[in-house]
Amino acid sequence: MKLKLTNLARSFGEHKALDGVTFEVENCGALVFIGPSGGGKSTLLRILAGLEKPDSGEVQINGERLVFEEQRLQQHRRKIGVVFQGFNLFPHLSAVENIELPLTAVHGHSPAQAREVSMELLRRFQLAAHADKKPAALSGGQKQRIAIARALAVQPQMLLLDEPTSALDPAMTAEVLETIELLKDQGRDFILATHEMGFARKVADQVAFIAEGKLVELGAPGAVFGETALGETRRFLERVLRW
Amino acid sequence: MRTPPSFFFLRNPDSEPGPGVYFFNLALTTAAVSLLGVWLLRQSGLQWDWEAVAAYWRLFAAGWATTLGVSLAALAVSTVIGCGVALAQRSVFLPLRTLAEAYVELVRGTPLLAQIYILFYIVAEAVHLENRMVAGILTLSIFSGAYLAEVFRAGINSIGRSQLESAMAIGLTRAQTYRFVVLPQAVRVVLPSMTGQCVSLIKDSSLLSIIGLNELTQSARNVASYTFSNLESYVLLAMGYLLLTLPISLWTRRLEKRFRYET
């Protein structure tokens, strides 16, 4: 998948969340956003997901310009899978119903088809035993993996993960990261914003370092995490990796 | 050390009494209240005459049925009004929003009694609506609709932003978001207050007697004036309303319990 951003900007009041981000990747693969909190990673992901409109600038996906009008955005969102930091499952629906809802309501599956697709995913994630549980009865790690399954079920053109492990303890973090690694092994394109530096380095095809609303550096993980990294990136990594 | 099971005390405010202990205590308090009642009646030295009142049981039954009918109809209409107004209060079209807000504040800020007079003698007169039953149902619906609108609005507002965002992210339309995400969750929040409003509505229907609608209160008044048995009539009146409201209250308690355990 080809991704091109041109001079993307978005402010919230005085705060410039994105301050002119421009980059182009020919083949997205596993693209990982790293950088300090409040640096613009989430805003960028939310714009790509069609949940936020930029003040200016342009997004092109596979050569097609994203039009930020409600009707067009709705079409766009249907081709995108989003995983949030806070899981955002629907608490009144069971695990399997959470995955089925977009399939039946948006993607025209019959209830039987939707059940089949959902159960297949739950089996693959080893969650089949929890299919009929409500989110309140599941652990954070299980919830997040179900959220990933819900995003994948619709076979999205692009999968966006916004700090999927930031609300989880280390064991659950490992559980979710393993699931994401599984996606990588299957050759699925995704964009991940994360604070898990070790994982970013291991799983990424490309790493983007984003800080203060700007793209500081974009490159192979070896370069961004290595000796040749720019000063700003190196200072950030030295600080977070020290502990 | 385990404390022995008690006939009178729960371990803490949230624990559940066993059915035996519960009914024992219920019977005990019922007996105590009855005794107090009997004592008060004796002290007051009143003479009861149920025979005169009993002769008019058909009037009571007819009044009770009217109250039930009016309440059910008003409940249905006010639910529709409440839903519409709750959505209108969230509208992006400002005139609709301000209209809905003005309606809610006007109705909630004035007594039902005044509303009944105004609607019956001015509005119904102006549009040539002469059917007292229909006028009564509409008045009660307009009154209750404002309260239900607030209940529904609170229900909709209780759905967090992240839920709406999630619905948006999976590509649901606005209507689908309400149908699949907002409503099923709001219903749980809203049901207890909604049934409470339903109990109020049944009791408030008694005020429709002032426009001469022959519902339960009006029937009781009529019987009282025919028989000079004021007390007997009003005791029957109270029991007639309890017969309608008590089942709803009990049902609400059960619902609240169920929802508490599910979340």
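This is a predicted model: local features need pLDDT of at least 70, side-chain atom pairs count only at pLDDT 80 or more; totals for chains, interfaces and linings use all residues.

Analyst: A residue is called buried here if 20 or more other C-beta atoms lie within 10 Å of its own, exposed if 12 or fewer do, and partly exposed in between, with C-beta atoms placed from the backbone. Strands (E, at least two residues) and helices (H or I, at least four residues) are DSSP runs numbered from the N terminus. Residues are numbered from 1 along each chain as its sequence is written, while chains are lettered from A and ligands numbered from 1 in the order in which they are written.

Five of the five residues of β7(A) are buried, so the strand is largely enclosed by the rest of the structure. In a regular strand, side chains alternate between the two faces of the sheet. In β7(A) both faces are covered, with Met158(A), Leu160(A) and Asp162(A) buried on one side and Leu159(A) and Leu161(A) buried on the other.

The next matter is pairing, which is assigned to two strands if DSSP finds at least two bridges between them. β7(A) runs parallel to β6(A), to which four bridges join it, and within this pair Gly81(A) has Leu159(A) as its bridge partner. With β8(A), residues 190–193, β7(A) again pairs in the parallel sense over four bridges, and here Leu160(A) stands opposite Ile191(A).

These pairs belong to an open sheet of six strands, ordered β6-β7-β8-β3-β9-β10 in chain A, in which the pairing is mixed. Its edge strands, each pairing on one side only, are β6(A) (80–83) and β10(A) (214–219). Neighbouring strands of the sheet are turned by 15° against each other on average, direction ignored; for such angles, axes are lines fitted to C-alpha atoms, for helices over the stretch in contact, and angles run from 0 to 180 degrees between N-to-C directions. Two residues are in contact if their C-beta atoms, placed from the backbone, lie within 7 Å.

Elsewhere in the sheet, β9(A) (206–211) and β10(A) run antiparallel and are joined by five bridges, with Ala211(A) standing opposite Lys214(A).

As for the chain around this sheet, chain A holds nine helices and 10 strands, and buried residues make up 43% of its 243 residues. Among its contacts between residues at least 6 apart in sequence, 67% join residues at least 24 apart. The C-alpha trace of chain A spans about 55 × 45 × 35 Å along its principal axes. Its radius of gyration of 18 Å agrees with the value near 18 Å that a compact globule of 243 residues would have, where the radius is taken over C-alpha atoms and the globule rule is 2.2 Å times the number of residues to the power 0.38. For the complex, the predictor gives an ipTM of 0.87 and a pTM of 0.78.
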